[in-house]
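Please keep the model open as you read.

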Amino acid sequence: MKKKRPDYSHLQPDQPIGIFDSGVGGLTVAKEIKRLLPHENLIYYGDTKHLPYGEKSQEAIIGYVTKITEFLLEKNCKAIVIACNSATANALKEVLETVDNRVPVIDVINPVAEKVAYEIHNNVGVIATKATVNSGLYKKSIRKHNKFIKVDELATPLLVPAIEEGFKNHPITHAIIYNYLSNSKLKNIETLILGCTHYPLLIDEIRQYYGNRVRVIDSPSIVANQLRMILEQHNLLNGSSHKGVYEFFVSDLTKNFEKISKKIFGKSIELELKPL
């Protein structure tokens, strides 16, 4: 039976796009959306009080994510981007149930898995949080489209805390990256998926480790393009000639979130405390 196309005729192009993550990682996706769709209004929610999601139980993640989704719907968002792999892997079903086809939902795993599956990739590695790796969603999603691809997933739990503590281009992160990427599980890979939205903040250091031997996938770009395609399909692209308006909400005010968000979106932004 042909799947019925969702009806979003009640939505308006000037409504904002909602984006959420456990912390600063989702800002890599928000940055790419800002670059690709400069006229769109964005509302970002960082659940900084409960990060990292990768160390939390599925029940806890579902609880946080459901509340954030309800908040973004209350803020009149026309689309919701789950800019968090752990949230996607553990609570996508619950987000879709909460949204109930009222707005499009874009996650960070399925668009990447589909793109990798249809391009020339044989041995794919995935580095991600424990919660994402334990779900096995990357492997399932890639092999659903192409059963011949070999997928090896490795949990890399120390990277998120290092990034959240501001250890970019630091001997600590160099040591952690070397330790993880030299793992035998990733020995024969040709492609590496950064299965956490925090990790693109370390993409230069990861590429430096591999040289030109391994292709490192830029997930935020894939997700932003998927969002644009869906908005175009439903005539929901903002036709304004003005730059988008950006709002940021966090469950706990942290110095690193403030620093990175201002670096990406400009010094004039303000963070609003919104506990779950």
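Two rings of Phe, Tyr or Trp (its six-membered ring) form a pair if their centres lie within 6.5 Å; planes under 30 degrees apart count as stacked, over 60 as edge-to-face and the rest as tilted. Ring pairs of this kind link Tyr44, Tyr246, Phe248, Phe257 and Phe265 into a cluster. This is a predicted model, in which local features need pLDDT of at least 70, side-chain atom pairs count only at pLDDT 80 or more, and totals for chains, interfaces and linings use all residues. Residues are numbered from 1 along each chain as its sequence is written, and side-chain values use heavy atoms, with hydrogens and water left out.

**Aromatic rings**

- The count comes to nine aromatic pairs by this rule.
- Tyr178 and Tyr209 make an edge-to-face pair, because their ring centres are 5.8 Å apart and their planes stand at 70°.
- This pair links distant parts of the chain, with Tyr178 in helix α8 and Tyr209 in helix α9 (residues 203-210), 31 residues apart; helices (H or I, at least four residues) and strands (E, at least two) are DSSP runs, numbered from the N terminus.
- Tyr178 is exposed, with a relative accessible area of 54%, while Tyr209 is partly exposed at 25%; buried means under 20%, exposed over 50% and partly exposed in between (1.4 Å probe, protein chains only).
- Phe248 and Phe265 also form an edge-to-face pair, at 5.0 Å centre to centre and 70° between the planes.
- Here Phe248 comes from strand β9 (residues 246-250) and Phe265 from helix α11 (residues 255-265), 17 residues apart.
- Phe248 is buried at 3% relative accessible area, and Phe265 is buried at 9%.
- Lys34 lies over the face of Phe265, 5.7 Å from the ring centre; a charge sits over a ring if NZ of Lys or CZ of Arg is within 6 Å of the ring centre and within 35 degrees of the ring normal.

**Cavity and pocket**

- On a 1 Å grid over the protein atoms alone, a cavity is a set of points where a 1.4 Å probe fits but cannot get out, and a pocket is an open set with protein on both sides within 12 Å along at least five of seven lines; lining residues have an atom within 4 Å of a point.
- Grid points are joined across faces, edges and corners, and a volume is the space filled by probe spheres set on the points.
- The structure holds one cavity of 30 Å³ or more, and the largest cavity has a volume of about 70 Å³.
- The largest cavity is lined by 13 residues, with Ser22, Cys84, Ser86, Cys196 and His198 nearest its centre.
- The second largest pocket has a volume of about 580 Å³, and among its 21 lining residues Thr28, Lys31, Lys168, Pro200 and Leu201 are closest to its centre.
- Elements giving two or more residues to that lining are α1 (27-36), α9 and α11, with the largest share, five residues, coming from α11.

**Two buried helix residues**

- Thr88 sits in helix α3 (residues 85-99) and is buried, with a relative accessible area of 1%.
- Beyond its neighbours within four places in sequence, Thr88 is in contact (heavy atoms within 4.5 Å) with Ile82, Asp107, Val108, Ile109 and Leu137.
- Ile177 belongs to helix α8 (residues 171-181) and is buried at 5% relative accessibility.
- Leaving out residues up to four places away in sequence, Ile177 touches Leu159, Leu202, Glu205 and Ile206.
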